[in-house]
Amino acid sequence: MSTLNSLKLVVSKKHQSVAPIVMRRNKLCAKLHEQIELCEAQKAGNTFAPKRLKTYTNKQTGEKMTVETVKRVREWFWIGDTGKINLAIKYGAKTLPLNKKGANAIELTNGDELIATLKSLKMAVLNGELDDAINDMSLATRQAFGK
């Protein structure tokens, strides 16, 4: 017992869940990372095909099967009317508003600027700069489901 007496003992509880805003930031950061990987693969002339595990039940045997499939990643960027690249930030299926005036896209000149912008946006999300927009979009999504 002398070993226990020499240690500092406290009453503590481990948190089982993460704050909702942190989960939302992590979700958006993961999607931004996919977009960065997609852009870098396109720049190198490769195809970006991330894998995911899909579980389904075989109808003939009733056995559950797990198969590795290709995950579809949609581009958040497109060529606009002016010939420049437009980038929209998506949270789920909705586009995040980027300012109070209603801007929903970032105009870029080339692919290198696109990759740099995506990386800076990822850092901005981790720093909490888009928390208000994420919260607004999350509230709107929940209200649409009637929760």
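## Cysteines

No disulfide (a pair of cysteine sulfur atoms within 2.5 Å) is found in a search of the whole structure. Cys29 takes part in none, and the nearest cysteine sulfur, that of Cys39, is 16 Å away. A disulfide is a covalent bond between the sulfur atoms of two cysteines.

The structure is a predicted model, in which local features need pLDDT of at least 70 and side-chain atom pairs count only at pLDDT 80 or more, while totals for chains, interfaces and linings use all residues. Residues are numbered from 1 along each chain as its sequence is written, and side-chain values use heavy atoms, with hydrogens and water left out.

Cys29 counts as buried because its relative accessibility is 6%; Cys39 is likewise buried, with a relative accessible area of 6%. Buried means under 20% relative accessible area, exposed over 50%, and partly exposed in between (1.4 Å probe, protein chains only).

## Helix H2

Helices (H or I, at least four residues) and strands (E, at least two) are DSSP runs, numbered from the N terminus. Helix H2 covers residues 20-44, and its 25 residues should span 36 Å at 1.5 Å a residue; the expected span is 1.5 Å times one less than the number of residues. The end C-alpha atoms of H2 are 36 Å apart, which agrees. Just after H2, Gly45 adopts a positive phi of about 85°.

The buried residues of H2 include Arg24, Arg25, Leu28, Cys29, Glu34 and Cys39. Among the elements that cover the buried residues of H2 are strand E3 (77-79), strand E5 (90-91), helix H3 (111-126) and helix H4 (131-144), where contact means heavy atoms within 4.5 Å.

## The three-stranded sheet

Three strands form an open sheet in the order E3-E4-E7, with antiparallel pairing. E3 and strand E7 (106-108) stand at the edges with a single partner strand each, so one side of each has no neighbour in the sheet. Neighbouring strands are turned by 30° against each other on average, direction ignored.

Two strands pair if DSSP finds at least two bridges between them; E3 and strand E4 (residues 85-87) are joined by three. Phe77 stands opposite Leu87 in E4. Helix H3 lies across E3, E4 and E7, running at about 15° to E4. Axes are lines fitted to C-alpha atoms, for helices over the stretch in contact, and angles run from 0 to 180 degrees between N-to-C directions.

## The E1-E2 hairpin

Strand E1 (residues 51-57) and strand E2 (residues 64-70) run antiparallel and are joined by seven bridges. Lys51 stands opposite Val70 in E2. The hairpin has six residues between the strands, and Gly62 takes a positive phi near 80° there.
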